[in-house]
Amino acid sequence: MSCASAAPCEDAIARCARGRGTNNKNLMIMSNTATSAVGAATGAHPHASLNYINHDKSLKSWLLTLDHKRIGIMYMVTVSLAFLAGGILALFVRAELIAPGRTLMDAHTYNQLFSLHGIIMVFAFIIPSIPAVMGNFVLPLHLGAKDVAFPRLNLASYYIYVLGIAIVLMGMFFGSVDTGWTFYTPYSETVGTSVLFVTLGVFVAGFSSILTGLNFIVTVHKMRAPGLTWNRLPLFVWSIYATSIVQVLATPVIGITMVLLFLERLLHIGIFDPSLGGDPVLFQHFFWFYSHPAVYIMILPAFGVISELMATFSRRPVMGYQFVALSSVAIAFLGFLVWGHHMFVSGQSAVSSIVFSLITYLIGIPTGVKVINWVGTMYKGSVWLRTPMLYALAFLFLFSIGGFTGIMLGVLAIDVHLHDTYFVVAHFHYVMMGGTVIAALGGLHYWWPKITGRMYKETPARIAVALIFIGFNVTFFTQFILGSQGMPRRYYDYLPEFASLHALSTYGSWILAAGLFLAAGNLLVSLFRGAKAPANPWGAATLEWTDTTPMPDPHNFKRMPIVTRGPYDFHLVDDLFSGDGGDGAPATTLQGAGPTS
Amino acid sequence: MGMWLFLITEILLFSGMFVAYTVYRVWHPEVFDMSAELLDWRLGGLNTLVLLASSLTVALSIHYIQNDNRKGLLINLIITLVCAGIFMTVKYFEYTGKFAHGVFPGANFAPHGVANGHDYAAFNVPYAAQFFSIYFVMTGIHGVHVLVGMGVFTWIIIRARKGHFSSEYYTPVELTGLYWHLVDIIWIFLFPLLYLI
């Protein structure tokens, strides 16, 4: 809701200043923004309603678009469907595990369901989630660029992704896959018919990931607006950049691994198959050489989102900007050197286990730097508890638990006990879901007004955060306990003493699902009934918020941005690169009554 | 820059296979030594020369278009395409020669017969199948790259004939040249590793 006249806004600012105990400087900025909001509201532009969403409504204009924003939205729809499918599979898996013995399905179906859950969630959802959706949408805006460096390639990588997923789905329908998402040999060579389809699908989807990463690296290097030096890049850009490096360097290895596995099944080339003299552990090396860095493909973009949220909703520059930026690069680099920690019990030599274990501890350092800097950002900031910030706080808790248990699993002796138990399952769900999915939801709620031009309702969104946070912990914290007591992962049946915790975990999954559906429903309803979003509802300082909402078409900015400040210099937010009437009036608008609402 | 990054991914794609080669070579050096005898270094050497020549012509074609010499560009591109064709033809004869004596990758590996002074049956030892699996996979995927290169060269030649390129604009030629050099370099590693040592 934009201010119709100056008076209510001034009121709101006065209240918000009191509520936060902000200093005079902050107050001054706010008044600044309020007057400008009035300016923007009065100087309505006749063509202001024409934007990238409605300039051409035909289906063809969407399917063949080269606009990074529309491609981002197409990714969002596809990725959300994948998340829905993977989530429903997870609910079935949990429902089966609610009691010992057969509950819903037989063991074979169960094996297929958890495999598909893993494959869909990893390859179809998490890997493209933040990089492809928010990276596509936000990255060029953050850079003040018209588009990504290679728009056609960008569209191609979307369709390659869809093709890859389609091949995986074909495999699902025409056969069965119950190998888990890791396709360990020799089991994956001997069982099921559709491992062929699925590995081919993963190979194809991998190309999409490579092309996206390549595109983003070149975009960051070549398309920055004048004045946007590396030290003025938003941290989201840094993390996407680090992610892209990992994508470009690691994904070809899973590509060739999948090709070899494919040939192994087709021609029995005998490289991984022990009955032909091959070495199955070599497959594990190849697989984890990609799949451990892939973990950072999944989590690094989440770090970027959280950095944005922390700065914006604490109204302070991120503490130790360069440390946070370079820690992303450090994580990307170290991520290549730790794949062996998945194989402590696979028969690799003791020396390499020790080395891998040590490097695994090292990864804790840049990650710890990030967490401390986020907390430091909130310190003495005026924290504004809107929905995106609530997600960011939930992220801090859940990711810290996930990270610490990760270090525990990196300890050799402990890992031998906990390997392949529910402890591992809980650990990576805390990192992947508690980390990446929570950050993705936070980012979605943060950029939603920018993307759609609509505000969602705050109260249901907050209830959803609470449900997700509680449901998630009930579901997965119980699994830490189960794992430490020795419940092995992927098992269909279990001993009676695990029954109560398993049941609790299943109840948690229902709370979690309720929260997710509420969040999704709230966002979808806002599309039709939401209030029109102002240009900068959160008072953020990165470039995309200086633009009109939604963005104009065909290019992102009506005027080329010239960057003269850092991404978190909130006291300097007075520039506008796509304003109404082109009078240069800032259009920053306060949403709601401030932090106490 | 995008092209350079793409070439890095290509190198990593092959690096996986080089790792597999190294691992098995370290484990079974004598089998690998022995099996390499079955590969004809003369054919491999011929292909190396052919590819090196094509690399030269690609470099020349870029040189010519920089000087606005469209005829030189076209001639050199066509020579490159022909060289790639010769390479694939030689590969075809190598492959069929192997298949004729039952040298298939993996589980179907069943060498038999005598040719070029080699008793193929004597090569039916453990892990020889791995060598030939790696041989077929590596040269096969390399061959796919050559075929892709031939396709791209055909497209470039068609565009060159239409006069699309000049010293002002020759990016596609340059990028295809980069790709082609990479394909060459990979072969230069494959040839000694598989044929010579």
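**Exercise 1.** Determine how many helices and strands make up the secondary structure of chain A.

*Solution.* Helices (H or I, at least four residues) and strands (E, at least two) are DSSP runs, numbered from the N terminus. On this basis, chain A has 17 helices and zero strands. This is a predicted model, in which local features need pLDDT of at least 70, side-chain atom pairs count only at pLDDT 80 or more, and totals for chains, interfaces and linings use all residues. Residues are numbered from 1 along each chain as its sequence is written, while chains are lettered from A and ligands numbered from 1 in the order in which they are written.

**Exercise 2.** State what percentage of the residues in chain A is buried, and classify Phe189(B) as buried, partly exposed or exposed.

*Solution.* A residue is buried if 20 or more other C-beta atoms (placed from the backbone) lie within 10 Å of its own, exposed if 12 or fewer, and partly exposed in between. Of the 597 residues in chain A, 56% are buried. Phe189(B) belongs to helix H6 (residues 171-196) of chain B. Because 14 other C-beta atoms lie within 10 Å, Phe189(B) is partly exposed.

**Exercise 3.** Describe the side of chain B that touches chain A.

*Solution.* Two residues are in contact if their C-beta atoms, placed from the backbone, lie within 7 Å. Chain B contributes 21 residues to the contact and chain A contributes 27 residues. On the chain B side, helix H1 (2-27) and helix H5 (128-161) each give two or more residues. The largest share, 11 residues, comes from H1(B). By class, this side has 15 nonpolar residues (Ala, Val, Leu, Ile, Met, Phe, Trp, Tyr, Cys and Pro), no charged residues (Asp, Glu, Lys and Arg), and six polar residues (the others, Gly among them).
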